Amino acid sequence: MEYDVKSLVIGLDLGGTNSVFGIVDGDGEIIATTSIKTQTFQRVEQYVEESVKAVMQIVEQVDGMEKIRAMGIGAPCGNYYKGTIENAANLVWAKGIVPLADMFSEKLGIPVAITNDANAAAMGEMKYGAAVGMKNFVELTLGTGVGSGIVANGQLIYGCDGFAGELGHMVVEPDGRPCGCGRKGCLETYCSATGVVRTTLAMLEASTVATELRNIPREEITSYAVYKAAMAGDTLAQEVFRQTGTRIGKACAEIATFLSPEAFIFFGGLAQAGDLLFRPIEEAYNEHVLSLYKGKAKFLMSGLDGAKAAILGAAAMASEL
């Protein structure tokens, strides 16, 4: 197929294990993909060099760089304002502040932007997913942690330093569970996949109720195992999801007081729990939200294919350059 000059963009999903590159057209179709292992390299220069080699292989499939307009990167600790990755604990080659956008731009000869993965998901949602046509919404990514991207008046909110939108680190339980960020009681410690496991283990200790989860070694309990048990009618597992959804709903009620979003959109593995999670979210939201905002916000599943979401989000950011 023939593509017009500068009609395509590159999206990079830079994860802790794999870096996945995709060439994306204006309709959000991923034309070609490739990947490399993220942690194979000790120095960022090595990572960029190997990445560029991989990119050029798929660029050949669309007849060269003249068809590519820009590149977007979704990455841990990505700073949109500065084009940097800053103090990413889980990237061995990214200690301190790394000017990754400029490094790729110099090698590829195109504009490059970077942001964190939750912001990229929100961008993708607005251009290709459930938020098409929306100008005010909150994307909550429920995975190993809780991430968020905030869109207000059609613009992603970055704050003064590029790092706005860490809703997963709202304190929802004062002096509660220790969080990796150094604080206590963050939403992430209760409402991520790992938070679900922590809640389950706490309930197993505090309760003698019969549950099939007692047949699983503690170290092997996962949020998916809890989900399967809940779907099979296990009352303790169902209570775990009720408590998790209630906390999310109460947090969304607080968020509404300063954002008044059209929708809360949920992405990530934990969001696949469906009504187990969404019912208590909406019930708690309606119970706790300021009456001024009651009945206005929608609660939606992401419209993005999970396997493609990060690439599409990064590509959506690139399309704005």
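## The cavity

In this predicted model, the structure holds one cavity of 30 Å³ or more, and the space in the largest cavity comes to about 30 Å³. Its lining is made by Asn136, Phe137, Val138, Ile150, Val151, Ala152, Leu259 and Pro261. Strand 9 and strand 10 each supply at least two residues of that lining, and strand 10 gives the most, with three residues.

## The largest pocket

The largest pocket holds about 1500 Å³ of space. It is lined by 49 residues, and the closest to its centre are Pro76, Asp117, Thr144, Gly145 and Glu188. Several strands give two or more residues to this lining, namely strand 1, strand 2 (18–24), strand 9 (137–142) and strand 10 (146–152), and so do helix 3 (117–128), helix 4, helix 5 and helix 9.

Helix 9, which spans residues 309–318, is mostly covered, with nine of its ten residues buried. The buried residues of helix 9 are Ala309, Ile311, Leu312, Gly313, Ala314, Ala315, Ala316, Met317 and Ala318.

Strand 4 covers residues 68–74, and because six of its seven residues are buried, it is largely enclosed by the rest of the structure.

Strand 4 runs parallel to strand 1 (residues 8–14), and six bridges join the two; Val9 stands opposite Ala70 of strand 4. Strand 4 is also joined to strand 8 (residues 112–115), again in a parallel arrangement, by four bridges. On that side, Gly74 has Thr115 in strand 8 as its bridge partner. As a general point, the side chains of a regular strand alternate between the two faces of the sheet.

## Salt bridges

The structure has five salt bridges, counted where a side-chain nitrogen of Lys or Arg comes within 4 Å of a carboxyl oxygen of Asp or Glu. One of them is formed by the side chains of Glu173 and Arg247, with a distance of 3.2 Å from N to O. This pair links distant parts of the chain, 74 residues apart, since Glu173 sits in the loop between strand 11 (155–156) and helix 4 (188–191), while Arg247 sits in helix 7 (residues 235–259). Glu173 has a relative accessibility of 28% and therefore counts as partly exposed.

Another salt bridge joins the side chains of Arg218 and Glu205 at 3.4 Å, N to O. Arg218 lies in the loop between helix 5 (193–206) and helix 6 (223–231), whereas Glu205 lies in helix 5, so the pair ties together parts that are 13 residues apart in sequence. With a relative accessibility of 43%, Arg218 counts as partly exposed, while Glu205, with a relative accessible area of 61%, is exposed. A further salt bridge, at 2.7 Å from N to O, is made by the side chains of Glu239 and Arg242. Because these two residues are three residues apart in helix 7, Glu239 and Arg242 are separated by about one helical turn. Glu239 has a relative accessible area of 25% and is partly exposed, and Arg242, at 42% relative accessibility, also counts as partly exposed.

## A nonpolar surface patch

Tyr80, Tyr81 and Leu321 make a nonpolar surface patch of about 280 Å². Of these residues, Tyr80 is placed in the loop between strand 5 (78–79) and strand 6 (84–86), and its relative accessibility of 32% means that Tyr80 counts as partly exposed.

Terms used. Residues numbered from 1 in each chain as written. Predicted model: local features only at pLDDT ≥ 70, side-chain atom pairs only at ≥ 80, totals over all residues. Heavy atoms only, no water. Buried < 20%, exposed > 50% of the residue type's maximum accessible area, 1.4 Å probe, protein only. Patch = residues over 30% accessible without salt bridge, like charges linked within 9 Å, V, L, I, M, F, W, Y side chains within 5 Å. Areas by Shrake-Rupley, 256 points an atom, 1.4 Å probe, with all protein chains shown as cover. Pairing = 2+ DSSP bridges. 1 Å grid on protein atoms, 1.4 Å probe; cavity = no way out; pocket = protein on both sides within 12 Å on 5 of 7 lines; lining within 4 Å. Points joined across faces, edges and corners; volume = space filled by probe spheres on them.
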